[in-house]
Amino acid sequence: MAVTIKSPREIELMREAGKILAKVHAGLEKELRPGMTTLEVDRLGEEMIRSFGCIPSFKNYNGYPASVCVSINEEVVHGIPSKHRIIKEGDIVSLDIGVIHKGYHSDAARTHAIGEVPEAARLLIERTRQSFFEGMKYAVAGHHLHEISNAIGAYAEGFGYGVVEDLCGHGIGTHLHEDPEIPNFRQFRRGIKLRPGMTLAIEPMINMGTADVLWMDDDWTVVSEDMSLSAHYENTIVITEGKPEILTLTDTEIEAGIWK
């Protein structure tokens, strides 16, 4: 496994990429509303990315046709935007987005409640996000990679949720997907030792019901097998000597003290 250690200059470029991506997420969050098509979301997202002089990481990646993965309700990830898919009051909508800034990627996802949603849906979103931060407690040099996985999985499973096992996080840098793979569920090996300069995209995908998923006929969209709601929360981070640096937090998240 070839896990790259980024130089201070590379980390600075990824930090810039992360800040831009956070602005794109914040901008799209303000625009989301009932009646929008997922294609409109994608077009807005691509316009924002390119307005910063960046390239969408996902567009044409392995044939994916859009810049923003828009996944609704039971869709876990990789929903393909469509003029026929309309966002409705009460939906939960996951946006997974990546940008390339001066050759370096950042990758982040958020799940949003559209208007009033059931309490169970709100809690799923909140707890999926918190599972990421439970993992962050172990994203420190000297710890092992799978301590992150174990913490994410233990927290989410404590609520009876299904932690998706067929998809995982990943290293990131000059490529969108680099080593190592980062599971979100309990592992029986420790995994690699974390070192300063590692850059990782950690992304819990949590289902309200079963952990099992299916791929739809478009070969991209992943749904929960029992069609239960699914939430997704992802950030690009850097391993340091101390607490990890999270590169893709929005200003609202920073002001709220979500990561102290």
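In which helix is the place of H146? H146 sits in helix α4, which covers residues 145-157; helices here are DSSP runs of H or I with at least four residues, strands are runs of E with at least two, and both are numbered from the N terminus.

Before going on, a word about the model: it is predicted, so local features need pLDDT of at least 70 and side-chain atom pairs count only at pLDDT 80 or more, while totals for chains, interfaces and linings use all residues. Residues are numbered from 1 along each chain as its sequence is written, and side-chain values use heavy atoms, with hydrogens and water left out.

Back to H146: it counts as buried because its relative accessibility is 13%, where buried means under 20% relative accessible area, exposed over 50% and partly exposed in between (1.4 Å probe, protein chains only). Beyond its neighbours within four places in sequence, H146 is in contact with P183, Q187, R189, R190 and G191; contact means heavy atoms within 4.5 Å.

Now let us turn to a sheet. Three strands form an open sheet in the order β6-β10-β13, with antiparallel pairing. Its edge strands, β6 (162-163) and β13 (230-232), each pair on one side only. Two strands pair if DSSP finds at least two bridges between them, and β6 is joined to β10 (residues 205-207) by 2 bridges in the antiparallel sense. For G162, the bridge partner in β10 is N207.

Finally, look for helix α3 (residues 119-136), a run of 18 residues. This helix lies across β10 and β13. Among the buried residues of α3 are L123, L124, I125, F132 and F133.

How values were computed
Expected span 1.5 Å × (residues − 1). Axes fitted to C-alpha atoms, helices over the stretch in contact; angles between N-to-C directions.
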